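Here are a few notes to read alongside the structure. Keep the 3D view open and take the points one at a time.

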Amino acid sequence: MATVEIRNLRKSFGAATILQGADLRMEEGEFVVLVGPSGCGKSTLLRCIAGLEPITSGNLVIDGEDMTTADPVKRGIAMVFQSYALYPHMTVGENIGFGLKIANTPKAEIKARVAEVAKLLKLDSMLDRKPKALSGGQRQRVAIGRALARKPRIFLFDEPLSNLDASLRAEMRVELAKLHGSLGNTMVYVTHDQVEAMTLADRMVVMSAGKIEQVGAPLDLFNNPANRFVAGFLGQPPMNFIKVTGASATAAGVALGLPGGGTVEVGLTAPLAGKAEGLELGVRPEDMSIAPEGRLGLEVEVVEQLGGETLVYGLLADGQLITAKLAGQAGIAAGDRLGLDFSEERLHVFDAGGANLRYRTPVPHGKAKAVS
Amino acid sequence: MSDFISARGIKRGLSYLVVGGWALFSVFFVVWVVLASLKKNRELFGSPLSIPTSPQWGNFVKTWVNNRFGDYFLNSLLVTSVSVVAILIVAVPAAYVLSRGRFRGREALSSFFAFGMGVPFPLLFVPLFVMMASMRLADTLTGLTIVYVALSIPFTIYVLEGFFSSLPSELESAAVIDGCSDVQVFRHVMLPLAMPGVATVAILNFVGLWNEYQLSLVLINSPENRTLSLGIYSLITSMQYSGGDWASLFAGVTIVMVPTLILFVILSEKMISGITMGGVK
């Protein structure tokens, strides 16, 4: 087990800056998931931790030791790649034991360790096969086995499940969670799949355009997003952002005008002064419910019946498109006019710069630092 | 849809016709030369397309012993084998570094090697001869080998660079994570994966150097240092005086062809997979 600390880490490729100063601390045994859209720099950050990319500036500290320029092998890390990266000319057994062979481990010890790992991952019957004779799931297990064999301090995963089909992905997700539970190692996991991120992470790090936007427990991030990006990135379907027609400060916080004439009054955690222009109301689709006298009028355009729930896409009075996620099989059809309502506690208010004016400062743990 | 299928069919049929015709043409002459080498001279001119009634294996003995093809064969085998091994020893690691290394001037260096392919060999005859002579390497098999290696490196590096570039970089990263040094990544991971490419360039170089004539003609003078291609030429020259022993000449041509044919039969599949692999890039 190990702690990993990243201090103002920057990474550039020529003139292009990929990471704009990341600060993050990962505790012993934590499962940290780096999540964000393609190109946000999460894989680059992982490769910097692994030592596969030189760090342009800033520091990487593992277990209190500065590893900024250390060779990958000295960092005590193992990595599982998106494409598995199994050596195609070696058998499963040779793949798993390759790191030990390079470290000049005695043959008998390699054999014992390979057998141990293979048993753990249910690969013992296929140790003599080449990777091309394995299914996608089996290859992924071999890749994990190769990482396990060297008994690393830290495991790094770079979108390891993205090449698997949906059912296998769900299965492997559970396997990984179990593995983390049994090994207790620090694990850093990169994905753009928010389901993986939400289900696996002890803490999530949401990244965008080379910056860490927010760090926290998955549900904390979901319920208390720091900004519009995090709010929109987490949740499926994504949060609705409704442009308000007007805003005025009240004793409780702010009164917001809604399309169609309704109003809603919510409390704020940040001062409204100077930010009343361009406010948006954030409402998650699942926080909406049908109410004939509701504050939002919706003209239904498309209805998707998913069996357990119904997705309703429609237009508000001023033409803004929103989505509502209703429980069960709602009897709604395209062209219907609905009244929708929501509970004030679940609402978010974003200013023109994207900051959440209802953001509650969390318990300090990992800290996000936005560098412009 | 049917128009599309028929157009595709015609295109494919035409391709088969061209490739098939070409293959037939080549095979016909190879077979004809082998058959001619087993005939008597009179039979060769009397019925050029017939199967030899009593195969004249003596033609081969005569060419091998009297015309010194045994010596020439050994010379060619020595020069070609040593050259191919030396080319691979130099070009394989160089191509790997040029395709994967991150250093200033990498692209310029690659272009420099590619430029080497564009230099016509005849332009080099005089300077090469002068250089070899000044180093006392003219008219030696060592000198010829050095020239072969030097002139084959640009092409070999060019082809192998494509191979190495087509290998997934994640394998390299995985090997680095597993604790490999740069040399170990090359030796344990990248080299085994590039073997189809290495086999391809080995065969192409072997065939090219085995049949090479011009450079050996310029650099080799003594009869005891002749390679097979020079041997064939000397045989043709001697025929001007001996009255034309065509059967022996064809026996000589057959001896030249045999190693190349054997190499193709054994390694053609590997080579084809290598060529397609490089083609993907």
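1. How far apart do the C-alpha centres of domain 1 of chain A and domain 2 of chain A lie? The answer is 39 Å. Please keep in mind as you read that this is a predicted model.

2. Domain 1 of chain A covers residues 4-222, and domain 2 of chain A covers residues 232-350. Where they meet, the contact takes 4 residues from domain 1 of chain A and 4 residues from domain 2 of chain A. On the domain 1 side of that contact you will find 3 nonpolar residues, 1 polar residue and no charged ones.

3. Next, look for the sheet in chain A. It is an open sheet of 4 strands, with antiparallel pairing, and the strand order is β2-β1-β4-β5. Because β2 (16-26) and β5 (65-66) of chain A stand at the edges and each has a single partner strand, one side of each is left without a neighbour in the sheet. As background, strands of a sheet pair through backbone hydrogen bonds, either parallel or antiparallel.

4. Strand β1 of chain A (residues 4-13) and strand β4 of chain A (residues 57-62) pair in the antiparallel sense over 5 bridges.

5. Now turn to chain B. The C-alpha atoms of chain B fill a box of roughly 70 × 70 × 35 Å, taken along the principal axes.

6. How much of chain B is buried? Of its 281 residues, 32% count as buried. Contacts across the sequence can be looked at too: among the contacts in chain B with a separation of 6 or more, 77% are between residues 24 or more positions apart.

7. Finally, see where the two chains meet. Here 14 residues of chain B are in contact with 17 residues of chain A. Which elements give two or more residues to the chain B side? They are α8 (169-177) and α9 (182-193) of chain B. Of the elements on this side, α8(B) gives the most, with 6 residues. By class, the side of chain B that touches chain A divides into 9 nonpolar, 3 polar and 2 charged residues.

Key: Residues are numbered from 1 along each chain as its sequence is written. Chains are lettered from A and ligands numbered from 1 in the order in which they are written. This is a predicted model: local features need pLDDT of at least 70, side-chain atom pairs count only at pLDDT 80 or more; totals for chains, interfaces and linings use all residues. A residue is buried if 20 or more other C-beta atoms lie within 10 Å of its own, exposed if 12 or fewer, and partly exposed in between; C-beta atoms are placed from the backbone. Two residues are in contact if their C-beta atoms, placed from the backbone, lie within 7 Å. Two strands pair if DSSP finds at least two bridges between them. Domain bounds come from an automatic or database domain assignment. Ala, Val, Leu, Ile, Met, Phe, Trp, Tyr, Cys and Pro count as nonpolar, Asp, Glu, Lys and Arg as charged, and the others, Gly among them, as polar.
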